[in-house]
Amino acid sequence: MVADTPIIKGIYAITPEEADTNVLVEKVEACIRGGANLIQYRAKQLSADLRYIQAEYLKILCDKYNTPLIINDDIELCLHLNAFGVHLGAKDDNITTARKLLGPHKIIGISCYNDWKRVEKAVDDKADYIALGACFPSLTKPAAPQVKLEMIAEVIKKYQTPVVAVGGIDLKNVDLLIQQGVECVALINSLFKEKNIETVTQKFSQLFIKY
């Protein structure tokens, strides 16, 4: 892991598909005010031009609050913005390629789903964090394979690489993850579909204060 990588803990807010840039920025700012420690810009369905515009606005916002901005999938966009790092999935560039392009000081996270081989490869390739999930049935990825809580606990116990739990997490089930040793949860709908995003983010954040 990169020596100067900040600790991955608390609330990791992942943006929803939102074509209205002003609305997106307002919602992300509410997350940050509520205590989100990291923001990931994720937009699978928007045009490349709009993604660049939105990411630029979010970079300005995150810099204002000194909050790390991670870019989903897009190494080129990360470089363009000088963002904090990238998050890679199964169909994206591998960690070794990303590290060569981004250099030694960017965060590289990777989705490992419920796959032990991906976890072991991520650790060997020195990923900065591992995302495991879906932890529970997910609206964002309804067909995603679920990871057992026992596997999450075992990965946390076996490796020093930070683990981010993702998928279907809400205020009713997040305690089950905390009990397994999870110190960081990635959230989309549980934040961005709420009327008062700041308040809900605060409620999640307070659960992780002890960490």
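Predicted model: local features only at pLDDT ≥ 70, side-chain atom pairs only at ≥ 80, totals over all residues.
Cys 184 is buried, with a relative accessible area of 0%; buried means under 20% relative accessible area, exposed over 50%, and partly exposed in between, using a 1.4 Å probe and protein chains only. The sulfur of Cys 184 lies 11 Å from the closest cysteine sulfur, in Cys 135, which is too far for a bond.

Residues are numbered from 1 along each chain as its sequence is written, and side-chain values use heavy atoms, with hydrogens and water left out.

How many disulfides does the structure hold? It holds zero, a disulfide being a pair of cysteine sulfur atoms within 2.5 Å. Cys 62 is in none, and the nearest cysteine sulfur, that of Cys 31, is 10 Å away. Cys 62 also counts as buried, at 1% relative accessibility.

Let me turn to the nonpolar cores, meaning sets of buried Ala, Val, Leu, Ile, Met, Phe, Trp, Tyr and Cys residues joined through side-chain atoms within 4.5 Å. The largest has 60 residues, and Leu 191 is one of those with the most contacts inside it. Helix α1, residues 21-34, gives the most to this core, with six residues. Apart from it lies another core of 11 residues, including Ile 70 and Val 164.

Finally, Thr 201 belongs to helix α9, residues 197-207; helices are DSSP runs (H or I, at least four residues), numbered from the N terminus. Thr 201 is buried at 0% relative accessibility. Beyond its neighbours within four places in sequence, its contacts (heavy atoms within 4.5 Å) include Cys 31 and Leu 191.

Key:
Helix = DSSP H or I, 4+ residues; strand = E, 2+ residues; numbered from the N terminus.
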